[in-house]
Amino acid sequence: MNTKVMNLGEAIDRYVKPGMTIHMGLEAGAAAREVARQFWGTDAGFTLIMNMVGGHHALSLIHGGLVRKLIFTNCSDIYPRPLPNPVVQRAFKGKTIELENWSLLSLTQALMAGALKLPFMPTRSVVGSDMANDNKQAFMVIEDAFGSGDRIGLVKALCPDVSLMHGWAADPLGNVILAAPVRDAWAAKASKGGVIVTVERLVTEDFIRSHSLLVKIPGSLVNAVCVVPLGAHPQSMNSHNLSEFEGYELDHEFLKDFREACEDPSRLDKWINEWILDCRDQKAYLDKVGGSRICELKN
């Protein structure tokens with residue numbers, strides 16, 4: 001097989017197109033920034049699938065009008081304290097975005113159904129809630145076909161066009177070691193157009209074989225492997241207690257500054273220009289973060 005290693009900019013240009021339904025993992029910060037750079041100022045019309053939206057660079061896509069619909073479980077901020085995110089609030093109030101809210105379990109089950117090539121997945125989540133009423137296009141309740149008398153929910157399969165994820169390592173063929181938790185691996189398996197994965201480091205096939213229990217995405221599902229150190233920033237990465245991986249902490253200072261910028265649209269415009277659009281790639285971004293802060297996060 002040919003190597004799948006390529007530059008992140010090339011991978012986004014090749015595999016991400018306007019109008020796509022994109023799944024984005026919590027740690028895929030570098031990928032989100034590259035999507036923003038390439039599509040800024042366009043009518044991209046993305047549908048974005050994310051478990052957690054607050055505190056993520058994906059908010060820049062929503063602020064920039066690149067997202068038509070958001071399928072999510074939580075779009076609030078956790079740090080510096082739990083609050084609704086004003087970027088999503090403004091977009092919803094201005095009717096520039098459609099929101100589809102699910103529970104953590106039911107969204108995972110929808111992606112699981114897509115990964116297993118099933119039309120739906122049974123669930124006991126959501127039944128009897130407002131989510132069931134709000135999502136009638138993708139949820140229904142039926143009688144147990146085996147005659148128990150129970151009523152059970154069905155959540156429709158969800159199949160993204162492409163999944164953007166960040167992991168610890170991959171070999172050139174695209175076998176990926178993710179950071180825990182690995183809930184988003186179902187999205188990778190459900191994606192019709194495969195996965196673009198950014199990783200902290202490139203490793204050999206022998207390394208992958210010796211750590212095969214940590215491989216949650218096989219190379220057959222991956223279109224591109226992009227080596228992007230600290231690609232999860234400002235999110236954290238757990239090292240699995242493996243000496244080969246150097247973990248790093250959540251960047252609280254960065255997230256606090258980002259959250260404050262989100263309060264005012266003009267200030268957020270300046271923040272996005274400074275931290276995303278004017279940083280041509282991950283190296284420029286990390287240079288701006290600064291070596292001293294990076295050392296603190298790693299320590």
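The legends below describe close-up views of a predicted model.

Local features are drawn from residues with pLDDT of at least 70 and side-chain atom pairs from those at pLDDT 80 or more, whereas totals for chains, interfaces and linings use all residues. Residues are numbered from 1 along each chain as its sequence is written, and side-chain values use heavy atoms, with hydrogens and water left out.

**View 1. The aromatic cluster of Phe254, Phe258, Trp271, Trp275 and Tyr285, linked by ring pairs.** The structure holds 10 aromatic pairs, a pair being rings of Phe, Tyr and Trp (its six-membered ring) with centres within 6.5 Å, called stacked if the planes are under 30 degrees apart, edge-to-face if over 60 and tilted for the rest. Phe254 and Tyr285 pair edge-to-face, with 6.3 Å from centre to centre and 70° between the planes; this pair links distant parts of the chain, with Phe254 in helix H9 and Tyr285 in helix H11 (residues 282–289), 31 residues apart. Helices here are DSSP runs (H or I) of at least four residues and strands are runs (E) of at least two, both numbered from the N terminus. Phe254 is buried at 2% relative accessibility and Tyr285 is buried at 0%, where buried means under 20% relative accessible area, exposed over 50% and partly exposed in between (1.4 Å probe, protein chains only). The rings of Phe258 and Trp271 are stacked, because their centres lie 4.5 Å apart and their planes meet at 20°. In that pair Phe258 belongs to helix H9 and Trp271 to helix H10 (residues 265–277), 13 residues apart, and both residues are buried, Phe258 at 3% and Trp271 at 5%.

**View 2. Trp271 and the largest nonpolar core.** A nonpolar core is a set of buried Ala, Val, Leu, Ile, Met, Phe, Trp, Tyr and Cys residues joined through side-chain atoms within 4.5 Å. Of the 67 residues in the largest one, Val16, Met24, Ile62, Leu164, Ile196 and Trp271 touch the most other members, while helix H2 (residues 29–39) supplies the largest share, 6 residues. Another core, of 16 residues, lies apart from it and has Ile71, Ala110, Leu158 and Ala187 among its members. Beyond its neighbours within four places in sequence, Trp271 is in contact with His57, Phe254, Asp257, Phe258, Ala261 and Ile276, contact meaning heavy atoms within 4.5 Å.

**View 3. The salt bridge between Glu253 and Arg293.** A salt bridge is a side-chain nitrogen of Lys or Arg within 4 Å of a carboxyl oxygen of Asp or Glu, and a search of the whole structure finds 19 of them. The side chains of Glu253 and Arg293 meet at 3.1 Å, N to O, and link distant parts of the chain, Glu253 in helix H9 (residues 252–262) and Arg293 in helix H12, 40 residues apart. Leaving aside neighbours within four places in sequence, Arg293 is in contact with Asp251, Glu253 and Phe254.

**View 4. The salt-bridge network of Lys69, Glu98 and Glu100.** Within this group, the side chains of Lys69 and Glu98 meet in a salt bridge of 3.8 Å, N to O. The two residues come from distant parts of the chain, Lys69 from strand S3 (residues 67–74) and Glu98 from strand S6 (residues 98–101), 29 residues apart. Lys69 counts as buried at 17% relative accessibility, and Glu98 as partly exposed at 44%.

**View 5. The salt bridge between Asp150 and Arg124.** The closest N and O atoms of this pair are 3.7 Å apart. Asp150 lies in the loop between strand S8 (139–143) and strand S9 (151–156) and Arg124 in the loop between strand S7 (120–123) and helix H6 (130–134), so the pair ties together parts that are 26 residues apart in sequence. Asp150 is partly exposed at 38% relative accessibility, and Arg124 is exposed at 62%.

**View 6. Cysteines without a disulfide partner, Cys279 and Cys295.** With a disulfide taken as a pair of cysteine sulfur atoms within 2.5 Å, the count comes to 0. For Cys279 the nearest cysteine sulfur, that of Cys262, is 17 Å away, and for Cys295 the closest, in Cys279, is 19 Å away, too far for a bond. Cys279 is buried at 4% relative accessible area, whereas Cys295 is partly exposed at 45%.
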